[in-house]
Amino acid sequence: MVQDVSPRSTVLEVIELGVNFGDAVILEDVSFAVGRGELIGVIGPNGAGKSTLFKAICGLVNHTGEVEVNGVHCHSRTDRMDIAYIPQRSDNDITFPITVGELVVAGRRRFHHWYARPSLHDRTEAVRLLALVDLAGMADRSLNQLSSGQLQRAYVARALAQEASVLMLDESLSGVDQPSTAELFVVFERLVDQGSTLLIATHDLALARRRFPRCLAINGRLLADGPPDAVLAPDVLDRTFGSAAPA
Amino acid sequence: MTATSLLEGEYLRAIIAAAIIGVVAPVVGTWIVLRRMANLGDTMSHGTLAGVGVAYAVGANVLLGALGAGVVIAVLLILFSASQRLGHEAIIAVMGSALFAVGIIVISRIDTTEELEHILFGDVLQLTWSQIVFNLVIGSIAVGVVLLLFSELRLASFDHVQAEQVGVHVELVQAVLVVLLAVVVVISLRTVGSVMSVSMLVTPAATARLVSPTLRRMTIVGVMLGVSEGVGGVALGNALDAPPGATIGLLAAVVFAVTYVATLPRRMPHHHRPLG
């Protein structure tokens, strides 16, 4: 079951992607295409390869197969700067002495030489993007002064500062309470309306059913791709989650 | 000891030397602390002993020998960092102990002289003007490199995944930082000694980390502490007739301990983080 996306609107195409760590096969033969302005939930149990899939697409782990961004075949990491990876909440030390504004400005690095300082335009852009994700006035706060939902929105603002057309959020909704999740989706839907494409890895099947127009079910390979009613059908969940399949 | 005599001769040189290491060590140490690489500082301080011993045995400049050992450690770290089975800590520990062993073996085969002892334990009062100028020049280069790479260091240290994505050469930044670490150890050799060099590298920066919400302030506070503790340690060591290097290290540790206790309430988990 693979959803068709018209070539005109395709921003990301993954073709027969595979990842091995030593002898262990983590992912194999994953192929799908993603159109501009799509909001996609990526579901699968722990260890299914969701994070690995995102990192492979971003060129952060070695893989077989091909990744194309905006029709361009990616040979190196720099070819993939149009994709932003937003890590799991636990991946970074949020006590690190960096302000929200500095975090967002960091996304502008791809437009500068290594020795250049952020420009006034970069700072203005950071303020604009923080407002876009409903964090206006928080540029001078430390990261550990933000709630979980606010922190995720700050990372999204950084990805937007990178001018990425595809945002990959890795378990960003884990540990975020329901009101904050609702606020995040207000931002996500706003971004999608403006043409951004979001892939969000999640364990929350109820959320996936409710919020995503399209889902990918992953467990070592792509098991299903389509609208939530089809991907979250009992037989697909059995294949995806095995004996741990939710009722 | 009067204020006048502190500003004369060997004491003036000692104060200037302590001030130089007080600036350079926290500027580099800020990144060592943030990247949780303090054990690498320890390895570097021990590892440079091999370079010092070999240089001394062949009659070369011992400071260049120490710097060479630091570069060797940086290269080895990059070569071995490809191993996913072993963490950096294990590789760093093996390298440090191996080089320390080389240093001990080499030194045991040569006549230990006073100069070698000064390098191990420091003797800031024996510094010459030419040695101070050497420290000032390579210290200024180290500070300049950190300032030039400030944004890259911040990106690579906070989120190396995103840093790689936006074009930062994370491995190269790491290698440069290790070489800077070697430079700090070299500057420390005759000031506080190789054994105590890690205290100037880590302690002022760690103290600054406790009271600084931003990187800029952490660096500035670290430098202020480094200079105060360096100069204060020289004066206190003189007043108490104690070795200056050890006195500087002890003073820095006391300031850290007091700051740690004083800031404990506001570092409790509930203090900053809102719910949700």
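Analyst: Two strands pair if DSSP finds at least two bridges between them. Helices (H or I, at least four residues) and strands (E, at least two) are DSSP runs, numbered from the N terminus. The model is predicted: local features need pLDDT of at least 70, side-chain atom pairs pLDDT 80 or more, while totals for chains, interfaces and linings use all residues. Residues are numbered from 1 along each chain, with chains lettered from A and ligands numbered from 1 in the order written.

The part to examine is the six-stranded sheet of chain A. It is an open sheet with mixed pairing. Its strand order is β6-β7-β8-β3-β9-β10 (chain A). The edges are β6 (83–86) and β10 (222–226) of chain A, each of which pairs on one side only. From one strand to the next, the twist averages 15°. (Axes are lines fitted to C-alpha atoms, for helices over the stretch in contact; angles run from 0 to 180 degrees between N-to-C directions.)

β6(A) and strand β7 (residues 166–170) of chain A run parallel, joined by four bridges. Within that pairing, Ala84(A) sits opposite Leu167(A) of β7(A).

β9(A) and β10(A) are antiparallel and share four bridges. Ile218(A) has Leu222(A) of β10(A) as its bridge partner. These two strands make a hairpin with three residues between them. In that turn, Gly220(A) takes a positive phi of about 80°.

Contact here requires C-beta atoms, placed from the backbone, within 7 Å. Helix α1 (residues 50–57) of chain A lies across β3 (39–43), β6, β7, β8 (197–202) and β9 (214–218) of chain A. Its direction is at about 150° to β7(A). Helix α4 (residues 148–161) of chain A lies across β6 and β7 of chain A. This helix runs at about 160° to β6(A).

Helix α6 (residues 205–211) of chain A holds Arg210(A). A residue is buried if 20 or more other C-beta atoms, placed from the backbone, lie within 10 Å of its own, exposed if 12 or fewer, and partly exposed in between. Arg210(A) counts as exposed because it has 11 C-beta neighbours inside 10 Å.

Strand β1 (residues 10–21) of chain A runs antiparallel to strand β2 (residues 24–35) of chain A over eight bridges. Thr10(A) stands opposite Gly35(A) in β2(A). The hairpin formed by β1(A) and β2(A) has two residues between its strands. Gly22(A), in that turn, has a positive phi of about 65°. β1(A) also pairs antiparallel with strand β4 (residues 64–69) of chain A, through five bridges. There, Ile15(A) has Glu66(A) of β4(A) as its bridge partner.

Chain A contains eight helices and ten strands. Along its principal axes, its C-alpha trace spans about 50 × 40 × 35 Å. With 247 residues, a compact globule would have a radius of gyration near 18 Å, and chain A agrees because its value is 18 Å. (That radius is taken over C-alpha atoms; the globule rule is 2.2 Å times the number of residues to the power 0.38.) Of the 247 residues in chain A, 45% are buried.

Finally, the partner chain. The contact between the chains takes 29 residues from chain A and 25 residues from chain B. On the chain B side, α8 (150–158), α9 (160–165) and α12 (215–240) each give two or more residues. Among these, α8(B) gives the most, with five residues. Elsewhere in chain B, α3(B) is mostly covered, with 16 of its 21 residues buried. Just after α3(B), Gly59(B) has a positive phi of about 80°. In α4(B), the buried residues include Val62(B), Leu63(B), Gly65(B), Ile73(B) and Leu77(B).

Technical notes. Two residues are in contact if their C-beta atoms, placed from the backbone, lie within 7 Å.
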